[in-house]
Amino acid sequence: MSQKDPCQKQACAIQKCLQVNNYVESKCESVLREMRRCCARYPKGRSVCCSGFEKEEREREKNY
């Protein structure tokens with residue numbers, strides 16, 4: 001039995017924010033920041049919702 005995704009609440013908040021703001025990411029920076037914080041609290045792969053953020057982080061690390 002799988003456990004509830006620990007960052008699902010933040011992922012839903014991002015979707016809601018984007019919908020309300022016509023998908024303008026810059027208007028949702030605070031909820032995106034909360035999602036990154038949530039993802040940072042859990043081991044890689046623990047949250048399916050974090051997969052895109054984990055990929056973003058890997059790409060950022062490659063460029064430094």
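Student: What do cysteine 17 and cysteine 28 form?

Tutor: A disulfide is a covalent bond between the sulfur atoms of two cysteines. The rule here is geometric: a pair of cysteine sulfur atoms within 2.5 Å. Cysteine 17 and cysteine 28 form such a link, with their sulfur atoms 2.1 Å apart. Its S-S torsion is -100 degrees, and the link is left-handed. Cysteine 17 sits in helix 1 and cysteine 28 in the loop between helix 1 and helix 2, so the pair ties together parts 11 residues apart in sequence. Helices are DSSP runs (H or I, at least four residues), numbered from the N terminus.

Student: What kind of model is this, and which residues count for local features?

Tutor: This is a predicted model: local features need pLDDT of at least 70, side-chain atom pairs need 80 or more, and totals for chains, interfaces and linings use all residues. Residues are numbered from 1 along each chain as its sequence is written, and side-chain values use heavy atoms, without hydrogens and water. pLDDT is the predictor's confidence in each residue, from 0 to 100. The chain's mean is 89, and 94% of its residues reach 70 or more.

Student: Are cysteine 17 and cysteine 28 buried or exposed?

Tutor: Relative accessible area decides: buried is under 20%, exposed over 50%, partly exposed in between (1.4 Å probe, protein chains only). Cysteine 17 is buried at 15%. Cysteine 28 is buried at 0%.

Student: How many disulfides are there?

Tutor: The count is 3. Cysteine 7 and cysteine 38 form one, sulfurs 2.1 Å apart. Their S-S torsion is about -95 degrees, so this disulfide is left-handed. Cysteine 7 precedes helix 1 and cysteine 38 lies in helix 2 (residues 29-41), so parts 31 residues apart in sequence are tied together. Both cysteine 7 and cysteine 38 are buried.

Student: Which cysteine is joined to cysteine 39?

Tutor: Cysteine 50, with S to S at 2.0 Å. The torsion is about -90 degrees, so the disulfide is left-handed. Cysteine 39 is in helix 2 and cysteine 50 in the loop between helix 2 and helix 3, 11 residues apart. Both cysteine 39 and cysteine 50 are buried.

Student: What pattern do the disulfides follow?

Tutor: Count the bonded cysteines along the chain: 1-4, 2-3, 5-6. Cysteine 12 is in no disulfide; its nearest cysteine sulfur, in cysteine 49, is 7.0 Å away. Cysteine 12 is partly exposed at 46%.

Student: Which cysteine sulfur is closest to that of cysteine 49?

Tutor: That of cysteine 50, but 6.7 Å is too far for a bond. Cysteine 49 is partly exposed, at 28% relative accessible area.

How values were computed:
Helices (H or I, at least four residues) and strands (E, at least two) are DSSP runs, numbered from the N terminus.
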